[in-house]
Amino acid sequence: MPGSDARPLVIDIRDRDDRERTGMIPGSVSIPLLVLEWRCDPTAGHSHPAVQSLDQPLVTVCNEGYTSSFAAASLKRLGFEQAADLEGGVGGWGAAGLPLVQPSPPA
């Protein structure tokens with residue numbers, strides 16, 4: 001069970017075109033906004049394998065940090081108390097000189 005000092009799971013909620021155009025934060029996982037609640041809800045039976053428990057720290061990220069705020073609020077409603085969003089999004093991450101990687105090709 002992750003503790004409060006556990007490394008957060010970064011969830012990129014953007015669509016594939018955006019991820020391919022600008023890249024992704026290294027180590028992040030892609031769960032598009034359209035299916036976010038379904039892929040994170042522990043009762044849905046289709047949770048993303050990286051989403052392990054309600055006490056896991058999660059950080060949602062979008063292009064500029066606006067949509068990810070709504071996504072984090074949605075995760076909190078599901079019971080993820082440590083859900084947050086990345087202010088400034090991927091654009092702010094890249095502008096700060098932090099690394100971005102190209103997403104893996106679709107399976």
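1. The sheet comes first. In this predicted model, four strands make an open sheet with parallel pairing, in the order S2-S1-S3-S4. Strands here are DSSP runs of E with at least two residues, helices are runs of H or I with at least four residues, and both are numbered from the N terminus. Two strands count as paired if DSSP finds at least two bridges between them. At the edges stand S2 (29–30) and S4 (83–85), each with a single partner strand, so one side of each has no neighbour in the sheet.

2. A word on the ground rules. Residue numbers start from 1 along each chain as its sequence is written, and side-chain values use heavy atoms, with hydrogens and water left out. Because this is a predicted model, local features need pLDDT of at least 70 and side-chain atom pairs count only at pLDDT 80 or more, while totals for chains, interfaces and linings use all residues.

3. Now to S1 and its partners. S1 (residues 9–12) pairs with S3 (residues 58–61) in the parallel sense over four bridges. Within that pairing, valine 10 sits opposite valine 59, and aspartate 12 sits opposite valine 61. S1 also pairs with S2, again in the parallel sense, over two bridges; there, the bridge partner of aspartate 12 is serine 30.

4. The side chains of S1 are worth a look on your screen. Leu9 and Ile11 point one way from the strand, Val10 and Asp12 point the other way, and all are buried. Buried means under 20% relative accessible area, exposed means over 50%, and partly exposed lies in between (1.4 Å probe, protein chains only).

5. Serine 28 lies in the loop between helix H1 (16–22) and S2, and is buried at a relative accessible area of 13%. The side chain of serine 28 reaches the backbone oxygen of isoleucine 25 at 2.7 Å.

6. Glutamate 64 sits in another loop, between S3 and H3. With 54% relative accessibility, glutamate 64 counts as exposed. Not counting residues up to four places away in sequence, glutamate 64 touches Gly88 and Gly89. The C-alpha atoms of glutamate 64 and proline 26 are separated by 17 Å, with the two residues 38 apart along the chain.

7. Helix H3 (residues 67–78) lies across S3 and S4 and runs at about 175 degrees to S4. For such angles, axes are lines fitted to C-alpha atoms, for helices over the stretch in contact, and the angles run from 0 to 180 degrees between N-to-C directions.

8. Finally, the chain as a whole. There are four helices and four strands, and from the N terminus the elements run β-α-β-α-β-α-β-α. The radius of gyration is 13 Å, close to the 13 Å from the globule rule for 107 residues, so the chain is as compact as a globular protein of that length. That radius is taken over C-alpha atoms, and the rule is 2.2 Å times the number of residues to the power 0.38. Of the 107 residues, 35% count as buried. Among contacts between residues at least 6 apart in sequence, 61% join residues at least 24 apart.

Key:
Contact means heavy atoms within 4.5 Å. A polar contact is a pair of N or O atoms within 3.5 Å; within protein, one must be able to donate a hydrogen and the other to accept it, and residues adjacent in sequence count only if both atoms are side-chain atoms.
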